[in-house]
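Take a look at the structure below. The questions after it ask what each label rests on.

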Amino acid sequence: MTTRERGAAGIPPAGLLLAAGEGSRLGRPKALVELAGERLVDRGVRILREGGCGPIYIVTGAAEVAVDGAESIHNPSWDTGMGSSLRAGLDSLPDDVDAVVVALADQPLVTSAAVHRLLAVHREDGARAAVATYAGNLRNPVLLGREHWPSVHALAEGDVGARPFLRAYSHLVTTVACDDIASPDDIDTPEDLARLRERVNGGPADG
C-alpha cells in the first residue's frame, strides 16, 4: 500500500516509545518508575494510543518490560545512548508502517493532545516530518515519514535521537507549538521525579 493509499484508508502512523535507558542518575530504569500510580512505560504507551497512533512499539534495553497492546523491540546497544534506540526502533518497524510518532518514556507530561496535534498536521496538511515545540524549542514528540528514516538513522548517534535530522532538514519539518497542552520536562534525577510527582499528584509521593 502506498503512502496515498494508506492515507485514504485512514491508517494512522505507528507509535514508537523509547524506553531503554538505565536511569543512571535516577538509580533505576526510568521505564519502571511510577507516576500517579502508573509506570512511565505504560503512561507513554497510553499517551501514544490516546493521541491516535496505530500499532505501538516500545524500545527496551536496561529493563525488559511488557505492556498489553504494545510490541517490545530490544535494543542490545541500549547503553550507547538514545541514538541506538531510535535506530533499533526504526529498523524493526514492519514494512507497512509508513510514518511513526516517536516519544520518550522519561517525558511524562507530553500529552495525548500533543500527539494528536502532530497527527492532525500529518493528516490534514500532508506533513511528513513534524515536531512539537515549547517556547520555540524543538522537543518531543516527533513525527517521521518513512522516507526520512535513513537520514534520521544516519544522524542519530550517542545520546541524541532525531534532533540532528530536525535541524539539518528544517526546511522539511513542520513545527507544532504545544506549549498550551503539554510540557517537555524530563526525569533524569530523583529531584526531577519528586518535582513532577508533586506537580502531577498535588503533593509528594513515594514509589
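This is a predicted model: local features need pLDDT of at least 70, side-chain atom pairs count only at pLDDT 80 or more; totals for chains, interfaces and linings use all residues.

Q: What makes β5 and β9 edge strands?
A: The open sheet has 7 strands in the order β5-β4-β1-β6-β8-β7-β9, with mixed pairing. β5 (70-74) and β9 (174-177) each pair on one side only. Strands are DSSP runs (E, at least two residues), and helices are runs too (H or I, at least four), numbered from the N terminus. Neighbouring strands of this sheet are turned by 25 degrees against each other on average, direction ignored.

Q: How do you know that β6 and β8 pair, and in which sense?
A: Two strands pair if DSSP finds at least two bridges between them. β6 (residues 99-104) and β8 (residues 137-145) have 4 bridges, in the antiparallel sense; therefore they count as paired. V102 has V142 as its bridge partner in β8.

Q: What are the partners of β1, and in which sense do they pair?
A: β1 pairs with β6 in the parallel sense over 5 bridges. L16 has V102 as its bridge partner in β6. β1 is also joined to β4 by 4 bridges, and these strands run parallel. There, G15 stands opposite I56.

Q: Why is β1 called mostly covered?
A: Buried means under 20% relative accessible area, exposed over 50%, and partly exposed in between (1.4 Å probe, protein chains only). In β1, 5 of its 5 residues are buried. A14, L16 and L18 point one way, and G15 and L17 the other way. In a regular strand the side chains alternate between the two faces of the sheet.

Q: How do you know that α2 packs on the sheet?
A: Helix α2 (residues 40-51) touches β1 (14-18), β4 (56-60), β5 and β6. Contact means heavy atoms within 4.5 Å. The direction of α2 makes about 160 degrees with that of β1. Such angles run from 0 to 180 degrees between N-to-C directions, with axes fitted to C-alpha atoms, for helices over the stretch in contact.

Q: Which strands does α4 touch?
A: Helix α4 (residues 112-125) packs on the sheet and touches β6, β7 (129-134), β8 and β9. Its direction makes about 50 degrees with that of β8.

Q: What makes a space a pocket or a cavity?
A: On a 1 Å grid over the protein atoms alone, a cavity is a set of points where a 1.4 Å probe fits but cannot get out. A pocket is an open set with protein on both sides within 12 Å along at least five of seven lines. Lining residues have an atom within 4 Å of a point.

Q: What lines the largest pocket?
A: The largest pocket has a volume of about 880 Å³. It has 34 lining residues, and the closest to its centre are K30, M82, L104, D106 and D159. β8 supplies the largest share, 4 residues. The lining divides into 15 nonpolar, 9 polar and 10 charged residues.

Q: How many cavities of 30 Å³ or more are there, and what lines the largest?
A: The count comes to 1 cavity of 30 Å³ or more. The largest cavity has a volume of about 80 Å³. Its lining includes L40, R43, I47, L104 and V115. α2 gives the most, with 4 residues.

Conventions:
Residues are numbered from 1 along each chain as its sequence is written. Side-chain values use heavy atoms; hydrogens and water are left out. Grid points are joined across faces, edges and corners, and a volume is the space filled by probe spheres set on the points. Ala, Val, Leu, Ile, Met, Phe, Trp, Tyr, Cys and Pro count as nonpolar, Asp, Glu, Lys and Arg as charged, and the others, Gly among them, as polar.
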